[in-house]
Amino acid sequence: MNSESGSASERRTVASALGVYAERPALVMVALGFSSGLPYYLIFDTLSAWLRASGLSLEVIGFFSLVTLVSTFKFLWAPFIDRARVPVLTGLLGHRRAWMLVCQGLIILGLWLLAGSDPSRSLGAIAVFAVLFGFSSATQDIAIDAWRIEAAEVSKQGARAAAHQWGYRAAIIVAGAVPLLLADAYSWNFSYAVMSVLMTVGVMAVLAAPREMRHANRPIQTEGIQAAPVREAVEWVARLAILVSGALVLGSGLAANAGVLADVLGGLGAADAREAVLDAWASDARVWVHLAAVIIGFAVIVVATLPLPGTRTR
């Protein structure tokens with residue numbers, strides 16, 4: 001009798017464990033995982049194939065691959081996404097779903113813009129569209145991860161994470177194979193247009209997702225700090241300038257190409273620095289120069305995020 005009772009209890013436990021994946025939030029999480037993985041691999045993998053098919057050099061393709069670094073630094077603007085409200089949509093959908101929907105709209109727009117471009121004629125425009133695309137994709141990941149945590153009980157967090165991975169892995173397969181087949185049969189432009197349509201899977205998932213159960217921001221302690229708008233504006237402009245400088249040096253090191261860095265230095269009137277950078281990148285010790293640029297770039301980015309020593313700012 002006890003054995004039968006234990007067996008029934010075990011069956012109920014297994015059935016309830018598997019039943020978690022049939023619940024609406026888990027199914028939504030699969031679709032959100034798909035919409036998270038699709039844009040990342042369309043930039044990281046498929047765009048490189050398109051650029052190569054258009055006859056662009058490996059250096060240019062390598063520089064485009066740096067767009068994927070946006071997802072590495074998404075922690076920098078994650079606090080803003082956590083606190084900023086989307087007008088109208090936040091009240092209708094909730095904080096996380098509103099941001100997901102905005103990002104998915106920007107991703108679809110970015111895909112449409114890429115689909116209407118020609119890498120051999122408008123490489124600069126494609127670079128801008130790719131950055132918009134990558135930034136929107138990274139921001140979507142911020143909102144999806146936060147929604148997964150806030151919309152589920154602690155006991156179901158593992159199942160939600162697994163469901164997200166199922167969708168993400170499916171997106172890898174789709175983004176790695178379908179665009180190539182469509183490009184071979186029709187064109188790259190048609191291929192990316194179809195991919196933009198597939199992103200509607202994420203839009204439908206957002207509309208079907210329940211609101212997060214909780215969304216509370218930890219208050220920022222600003223007691224005793226006087227407001228200084230001018231100083232704070234100058235501080236943030238300086239931080240942004242340092243961040244961009246670090247990213248430029250880092251990207252030049254990773255791509256083994258200092259063309260953009262040299263152009264910036266030339267535009268600032270630093271002709272000697274421009275020539276020095278180009279000579280260093282082409283020298284016999286260029287491998288070590290590239291490695292040093294990567295390390296220095298990361299260090300500069302870290303410096304941009306550090307608090308001012310001995311000064312409390314808002």
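**Entry 1: helix 6 against helix 10**

I started with the residues where these two helices meet. On the helix 6 side I found Arg 97, Met 100, Leu 101, Gln 104 and Ile 108, and on the helix 10 side Thr 200, Gly 202, Val 203, Val 206 and Leu 207. Contact here means heavy atoms within 4.5 Å, and helices are DSSP runs (H or I, at least four residues) numbered from the N terminus. By class, this contact has 6 nonpolar, 3 polar and 1 charged residues. For the classes, Ala, Val, Leu, Ile, Met, Phe, Trp, Tyr, Cys and Pro count as nonpolar, Asp, Glu, Lys and Arg as charged, and the others, Gly among them, as polar.

A note on what I am looking at: this is a predicted model, where local features need pLDDT of at least 70 and side-chain atom pairs count only at pLDDT 80 or more, while totals for chains, interfaces and linings use all residues. Residues are numbered from 1 along each chain as its sequence is written, and side-chain values use heavy atoms, with hydrogens and water left out.

Next I looked up the geometry. The axes of helix 6 (residues 95-115) and helix 10 (residues 200-208) come within 10 Å and cross at roughly 165°; axes are lines fitted to C-alpha atoms over the stretch in contact, with angles from 0 to 180 degrees between N-to-C directions. That makes helix 6 roughly antiparallel to helix 10, a label for angles over 145 degrees. Helix 6 passes helix 10 in a left-handed crossing, meaning that the near helix is turned anticlockwise from the far one by less than a right angle.

**Entry 2: Ser 137**

Is Ser 137 buried or exposed? I found Ser 137 buried, with a relative accessible area of 5%; buried means under 20% and exposed over 50%, with a 1.4 Å probe and protein chains only. Ser 137 sits in helix 7 (residues 123-150). Leaving out residues up to four places away in sequence, Ser 137 touches Ser 36, Pro 39, Tyr 40 and Ile 107.

**Entry 3: Val 88**

I checked the backbone here and found phi near 70°, a positive value in a residue other than glycine. Most residues other than glycine have a negative phi. Val 88 belongs to the loop between helix 4 (78-83) and helix 5 (89-93), and Val 88 is exposed, at a relative accessible area of 66%.

**Entry 4: the whole chain**

I counted 14 helices and 0 strands. Of the 314 residues, 39% are buried. Among contacts with a separation of 6 or more, 78% come from residues 24 or more positions apart.

Key:
Parallel < 35°, antiparallel > 145°, perpendicular 65-115°, else oblique.
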